[in-house]
Amino acid sequence: MKCINKNILLDYLNNELSARKQNKIAAHLSECEHCRKQLAEWEKVLNITQQFIDQDVKIHPAPPHAHITQRFEKIPQKTERYFWVRYWTKPALATAAVLFASLIIFFLSPKSVPSINRNYYVIDNIAYTEEIYLNDEYLDDLENIYLQEIYANEELTDDILYGDWQHYEEVLDNLDQDELEELIKNMYNNSVT
Amino acid sequence: MDSIRLNQLIEENYQKIFLLALKMLKNYEDAEDATQEIFLKVYENISSFRQEAKFTTWIYRIALNHIYYMNNKKSKEFNQFPEAHEMLTEMNENPSSVLQEKELFESLEKVIDSLSPRQKEVFVMRYYDQLTFKKIAQILKKSIGTVKSNYFFAMQKIKNNLQNQNLIEFQEKL
């Protein structure tokens with residue numbers, strides 16, 4: 001028989017093996033000095049550990065806890081619930097919360113089409129300007145003036161007429177600086193903020 | 001479950017849970033608070049306790065969940081227990097052997113403290129609370145093999161520590 005694995009030795013010392021295995025190990029130990037030494041080492045480790053724990057337990061008795069049972073009287077016990085309530089309520093509530101949060105995020109997220117209720121809009125002309133804030137009252141004017149200018153372009157006209165604002169913004173972005181300044185000047189009388 | 005039986009079960013398990021909390025949280029006050037909170041949780045939820053799991057298994061699961069929650073909440077520095085060493089000194093009259101024993105036990109305390117949480121929970125339940133490997137496996141919802149492997153690693157660490165620090169001599173008697 002091969003020498004005994006340390007885990008088996010620990011199982012042997014903890015009486016965790018079947019009687020048949022226990023006898024087999026005992027027989028091997030009687031023949032093998034190396035395993036006997038290993039066993040003696042582990043025995044020593046277990047004894048010291050047990051001594052330490054006995055001391056540790058002795059010096060750490062249970063703290064006073066009579067008051068806990070007195071506190072019980074003031075705390076209502078949770079009432080027993082049916083199986084399906086216990087196991088399905090939380091996942092169902094979590095799903096509902098996620099759906100609700102998704103809806104809130106969806107409705108509050110900025111849209112590419114500006115809402116009528118907003119006070120002003122931002123035109124971000126990457127090439128020539130940083131940010132130009134347009135008040136609501138000027139927005140219709142901007143649209144009218146700009147529409148006149150781009151009506152000539154048939155491809156764009158449809159999109160603008162049908163309210164494709166994303167396309168409309170792209171067109172604004174593609175104006176050169178002079179065109180944009182002219183447009184703004186006409187529209188606001190230089191009152192752009 | 002009637003209140004008399006509940007009180008009896010609490011009485012039987014209070015110190016075990018306290019020791020588990022003490023070893024895992026490494027702080028006396030935290031362990032005391034945690035033990036109280038664990039038993040309050042047990043009381044609050046006693047109606048959901050099902051007979052398919054034994055009371056000790058159920059209570060240990062609540063305890064470990066709470067202990068890990070507390071450990072995450074605040075990771076405190078290791079807190080030595082000076083009273084432990086005072087007591088050891090009182091118990092042995094020979095000064096040199098007192099010193100040796102003190103050193104040995106201090107070293108053991110440190111190595112137990114340095115075990116990984118999984119190794120430590122198995123070690124504490126096995127030695128402090130004297131639970132069987134089968135019971136520990138039920139509490140942790142792990143196989144007995146996994147639990148034993150944590151235990152073997154813990155014991156190997158303890159042995160290596162004792163050996164490296166020459167705190168006990170091996171093999172000389174054979």
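Q: Where does N15(A) lie in chain A?

A: In this predicted model, N15(A) sits in the loop that links helix 1 (6-13) to helix 2 (19-31) of chain A.

Q: What is the phi of N15(A)?

A: The general idea comes first. Most residues other than glycine have a negative phi. In this structure, N15(A) is not a glycine, and its phi is positive, near 55°. This residue comes just after helix 1 of chain A.

Q: Which phi does Q130(B) have, and where does Q130(B) lie?

A: Q130(B) is not a glycine either, and has a positive phi of about 55°. Its place is the loop between helix 6 (117-128) and helix 7 (133-140) of chain B. Q130(B) is exposed, because 11 other C-beta atoms lie within 10 Å.

Q: How many helices and strands does chain A have?

A: Chain A has nine helices and two strands. Read from the N terminus, the order of its elements is α-α-α-α-α-β-β-α-α-α-α.

Q: Which residues of helix 1 of chain A are buried?

A: A residue is buried when 20 or more other C-beta atoms lie within 10 Å of its own. In helix 1 of chain A, the buried residues are L9(A), D11(A) and Y12(A). These residues cover an arc of only 160° around the axis, so they lie on the same side of helix 1 of chain A. Among the elements that cover them are helix 2 and helix 3 (33-59) of chain A.

Q: What share of chain A is buried?

A: Of the 193 residues in chain A, 7% are buried. As for contacts in chain A between residues at least 6 apart in sequence, 52% join residues at least 24 apart.

Q: Which residues touch the most other members of the largest nonpolar core?

A: In soluble globular proteins, nonpolar side chains tend to be buried together. Here the largest nonpolar core has 47 residues, and those that touch the most other members are I17(B), L20(B), A21(B), L25(B), A63(B) and I67(B). The element that gives the most to this core is helix 1 (residues 3-25) of chain B, with nine residues.

Q: Which residues does L20(B) touch?

A: Leaving aside residues up to four places away in sequence, L20(B) touches A63(B), I67(B), V124(B), M125(B), Y128(B) and D129(B).

How values were computed
Residues are numbered from 1 along each chain as its sequence is written. Chains are lettered from A and ligands numbered from 1 in the order in which they are written. This is a predicted model: local features need pLDDT of at least 70, side-chain atom pairs count only at pLDDT 80 or more; totals for chains, interfaces and linings use all residues. Helices (H or I, at least four residues) and strands (E, at least two) are DSSP runs, numbered from the N terminus. A residue is buried if 20 or more other C-beta atoms lie within 10 Å of its own, exposed if 12 or fewer, and partly exposed in between; C-beta atoms are placed from the backbone. Two residues are in contact if their C-beta atoms, placed from the backbone, lie within 7 Å. A nonpolar core is a set of buried Ala, Val, Leu, Ile, Met, Phe, Trp, Tyr and Cys residues joined through C-beta atoms within 7 Å. The arc is that of the directions from the helix axis to the C-beta atoms.
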